[in-house]
Amino acid sequence: MNITRLFTTHRKLLLMGFLILLIAFVLTFPLYGGARTRVLITMLVYAILAMSWAMFSGTTGYMSLAPAAFFGTGIYTTYLLQNHLPLPIIIVAAGLISFVLAVLLGLVTLRLKGIYFTIFTFGLVVFIPNVVTYVEGEVTQHHGWYFNVLDRTIILYTMLGLAVVTVLAIYLIRRSRLGLAMQSIGGNEEAAEHMGIDTTRTKVLTFAISAIFMGAAGAVLAPSLSYSNPTIAYSAFYSFVPIVAAVFGGMGSLQGPIVGGLLFGFLEKTLKVEWNTYFMLGFGIIIVLVILFLPTGMVGLVPILRDKLGGAISKWRKGREGEQHANT
Amino acid sequence: MAEAERLLGLITIGILAGGVYGLLAVGLSLQIGVCRVLNITHGEFLMLGGILTFTFSQLGINPLLAPVIVGPILFGLGFLLQATLFRGVKARVPSPSAFEGNALLAAFGVMYVIQYLARIRFGTQSLPSQYLTQPVPYVGINLAVNLIVGFAIAAALGIAVYLFLTRSRVGKAIRATAEDPPTAELMGVNTNTILAVCFGLGGLLAAVAGTLVSMRTPVSTAMGFNNTVIALIVVTLGGLGSVPGSFIAGIIIGIVSMLVAGLWESVLIVPVYYAMLMVLLLVRPTGILGKK
């Protein structure tokens, strides 16, 4: 049976089977127990961060190093509001606060060339936690944040819901006028400007939309942490993860960052405990290699492999036919 | 009166410490301005410079002589990075405008590689690398000798780089390459070599800055990131591609950090840098001495 043909002729059947497996998997979440639930939550968080990062930076080419700023703000929002509002409203609030923050940041820096934008977002990750630490020390006198613990399974389902919303939103944005405008900015900003696209507005708006999901992800994750503080919540690691994951998976496509985020989350949670140093070292090497040799990421490997495999199989069959002809 | 003396003391320390920031920023400014690489591994080069200085001092080599060994090593590393990795990235990008982004992402991978290789070799603990800590009395406070020596070395090296860029043949080639690479190429400049030299020079300057920092504070393999942030802020403040600008901005940042830490609260140092940067970007996006 030819593999390429299997995929094309039975595509619908395969897709159905995959969906049924996925739904069964999702419905059985409560059965997995604490540690696996935590791994799944992390995978989803990384996928959301990577998707929203790639939505803006992957398409426009403006490299944002700010995800941790929005993600941490989401965690902080939950801490501040947890005793006053129900979680769904907190999640929306965290998204909105991140949105406003991103608009302010975007208005200051996105008029400038890409390099200044990157520098600014890079320092933001150091800036915000220091301000929060100062405010906490001076005003509230509280150090460290404790969360009302929620059942992890509920958090997992909420995170899954958020991930689905994020995928849908990004899918729709990519197909909209806004998405096209973003792509043309990534291609050639000057030309886009001449075509009548308000480039600054497009950049600020999409940057801010991407921040919504990052902030919301932080807000959902917070109740599973039990303890956090500004240094942990705003850790620069959360800015690096989406970039690493998105580049690894392939930042040009919709599915690339999802695959990259899920995979990175899984590998991190299963390997990092024992292999922390070597794990990050390995990922550094992979990033360099991917940038150099595989600009479309891991997702880009699929068609290449499929073609190669299909080609090899048909060659082998031809070879065998040729042999048979020779024999007769 | 005592208050005025204290202020003067803080400002003096700030100026002296700022010289090292300036030196660090000059290197980064070259890499961004000429090679077009937003080199976020710059702080890691400083870290390597500091750690290697400490390692050599354990072997009996005077920290003041360490730059003679550490400098060339990191020059070589920077040279190789540009000659292989960033040149490769440039050759493979679909359009020239995509280079900056892809180079940043590649630098990102390199940052992890350097940092974690250093961790495997040297661990994560702080290493007591201070040197020349004898105090020198000065208007009511004590300045450490390493502060004064550090400033002198940084300033001397800064002047040397400035003269190299403005007076020498290679410096001229570097400036031509920064301005217009294709034309420079037509004039017989081997731009690939020039870019690699530039990147290596940036690495060398970061290494020396690392040595100077290691004389004042303990070093650790985790120190790179914060220094990258400081270097980026100084470069932006000073204006890309301006050696005097980098030094002026470095000294401003040094003074501000001492004043904020001394009179207010040290967590607020970076936020204050940030506020300055934000105002500057709104008023004058090209930095203090940067060209259009």
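Me: Why is Ser226(A) called exposed?

Reply: In this predicted model, Ser226(A) has 12 C-beta neighbours inside 10 Å, and a residue is exposed if 12 or fewer other C-beta atoms lie within 10 Å of its own, so Ser226(A) counts as exposed. Its place in the chain is the loop between α10 and β2 (227–228) of chain A, and its phi is near 60 degrees, a positive value in a residue other than glycine.

Me: What makes Arg36(B) partly exposed?

Reply: Arg36(B) has 17 other C-beta atoms within 10 Å, while the limits are 20 or more for a buried residue and 12 or fewer for an exposed one, with partly exposed in between; Arg36(B) is therefore partly exposed. Arg36(B) is found in the loop between α1 (2–33) and α2 (42–58) of chain B, and here too the residue is not glycine and has a positive phi, near 60 degrees.

Me: How do you know that the radius of gyration of chain B agrees with that of a compact globule?

Reply: The globule rule is 2.2 Å times the number of residues to the power 0.38, and for 292 residues a compact globule would have a radius of gyration near 19 Å; chain B has 19 Å, which agrees. Along its principal axes the C-alpha trace of chain B spans about 60 × 50 × 35 Å, and buried residues make up 54% of the 292 residues.

Me: What is chain B built from, and in what order do its elements run?

Reply: Chain B has eleven helices and two strands, and from the N terminus on they run α-α-α-α-β-β-α-α-α-α-α-α-α. Among its contacts between residues at least 6 apart in sequence, 78% join residues at least 24 apart.

Me: And what does chain A contain?

Reply: Chain A has 14 helices and two strands, and its C-alpha atoms fill a box of roughly 90 × 55 × 35 Å, taken along the principal axes. Of its 328 residues, 44% are buried.

Me: How are α5(A) and α10(A) packed?

Reply: Two packed helices are described by the angle between their axes and the distance between the axes. For α5(A) and helix α10 (residues 199–221) of chain A the angle is about 145 degrees and the axes are 7 Å apart, and α5(A) passes α10(A) in a right-handed crossing. The residues of α5(A) in this contact include Ile90(A), Ala94(A) and Leu101(A), while those of α10(A) include Val204(A), Phe207(A) and Ala211(A). The residues of the contact divide into 18 nonpolar, five polar and one charged.

Me: Which residues have the most contacts inside the largest nonpolar core?

Reply: The core has 192 residues, and those with the most contacts inside it are Leu49(A), Ala217(A), Leu24(B) and Ala106(B). Helix α8 (residues 191–216) of chain B gives the most to this core, with 16 residues. Leaving aside residues up to four places away in sequence, Ala217(A) touches Val45(A), Ile48(A), Leu49(A), Phe71(A), Gly74(A) and Leu162(A).

Me: How many residues does the contact take from chain A and from chain B?

Reply: The contact takes 32 residues from chain A and 38 residues from chain B. On the side of chain A that touches chain B, the largest share, 13 residues, comes from α6(A), and the residues of that side divide into 22 nonpolar, ten polar and no charged.

Definitions and conventions
Residues are numbered from 1 along each chain as its sequence is written. Chains are lettered from A and ligands numbered from 1 in the order in which they are written. This is a predicted model: local features need pLDDT of at least 70, side-chain atom pairs count only at pLDDT 80 or more; totals for chains, interfaces and linings use all residues. A nonpolar core is a set of buried Ala, Val, Leu, Ile, Met, Phe, Trp, Tyr and Cys residues joined through C-beta atoms within 7 Å. Helices (H or I, at least four residues) and strands (E, at least two) are DSSP runs, numbered from the N terminus. Two residues are in contact if their C-beta atoms, placed from the backbone, lie within 7 Å. Ala, Val, Leu, Ile, Met, Phe, Trp, Tyr, Cys and Pro count as nonpolar, Asp, Glu, Lys and Arg as charged, and the others, Gly among them, as polar. Axes are lines fitted to C-alpha atoms, for helices over the stretch in contact, and angles run from 0 to 180 degrees between N-to-C directions. A crossing is left-handed if the near helix is turned anticlockwise from the far one by less than a right angle, and right-handed if clockwise.
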